[in-house]
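Please read them with the sequence and the coordinates open beside you.

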Amino acid sequence: ASGEVVPIKVLGVLGLIDQGELDWKVIGIRTDDERAAALHDVAQVGEVVSEQALPSILHWFRTYKVAEGKGENSFVRDGSFMDADYALAVIAEAHGHWSTHHFSPHNKTETSS
């Protein structure tokens, strides 16, 4: 699979329960999208993008593993999207965990010759 890294404006976050573990899904819009200037929070998505955008995102994350024979996913807070400030706090916390692990002296990869 291929993909790309693109800058986004963080609008919110959705807490997905995937196989019993919390998996945060960041909701954002590409910074080069003409609608990005009008969006500052996930609560504005319905009026700026589409009334169906957030329900469609929720449906996608609920059912995307069903085709693999897995059950539907569930969500924290009954599938409520959390706002941009909450999302940025989640991102900062995750980055902190990553930094601590990634730069830990116990995380050195040894190679044999």
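1. In this predicted model, 3 strands make up an open sheet, with the order 2-1-3 and antiparallel pairing. Strand 2 (21-30) and strand 3 (74-75) are the edge strands, each of them pairing on one side only.

2. The pairing of strand 1 (residues 8-18) with strand 2 is antiparallel and extends over 10 bridges; within it, Gly 12 has Ile 27 of strand 2 as its bridge partner.

3. Helix 3 (residues 84-102) lies across strand 1 and strand 2, and its direction makes an angle of about 70° with strand 1.

4. In helix 2 (residues 53-63), the residues Ala 53, Leu 54, Leu 58 and Phe 61 are buried. They lie on the same side of helix 2 because the arc they cover around the axis is only 135°. These buried residues pack against strand 1, strand 2, strand 3 and helix 1 (45-48), whereas the face of helix 2 turned away from the buried side carries His 59 and Trp 60, which are exposed.

5. Ser 80 is found in the loop between strand 3 and helix 3. Is Ser 80 buried, exposed or partly exposed? With a relative accessible area of 37%, Ser 80 counts as partly exposed, because that class lies between the cut-offs of 20% and 50%.

6. When neighbours within four places in sequence are left aside, Ser 80 is in contact with Val 13 and Leu 14.

Note on methods. Residues are numbered from 1 along each chain as its sequence is written. This is a predicted model: local features need pLDDT of at least 70, side-chain atom pairs count only at pLDDT 80 or more; totals for chains, interfaces and linings use all residues. Side-chain values use heavy atoms; hydrogens and water are left out. Two strands pair if DSSP finds at least two bridges between them. Helices (H or I, at least four residues) and strands (E, at least two) are DSSP runs, numbered from the N terminus. Contact means heavy atoms within 4.5 Å. Axes are lines fitted to C-alpha atoms, for helices over the stretch in contact, and angles run from 0 to 180 degrees between N-to-C directions. Buried means under 20% relative accessible area, exposed over 50%, partly exposed in between (1.4 Å probe, protein chains only). The arc is that of the directions from the helix axis to the C-beta atoms.
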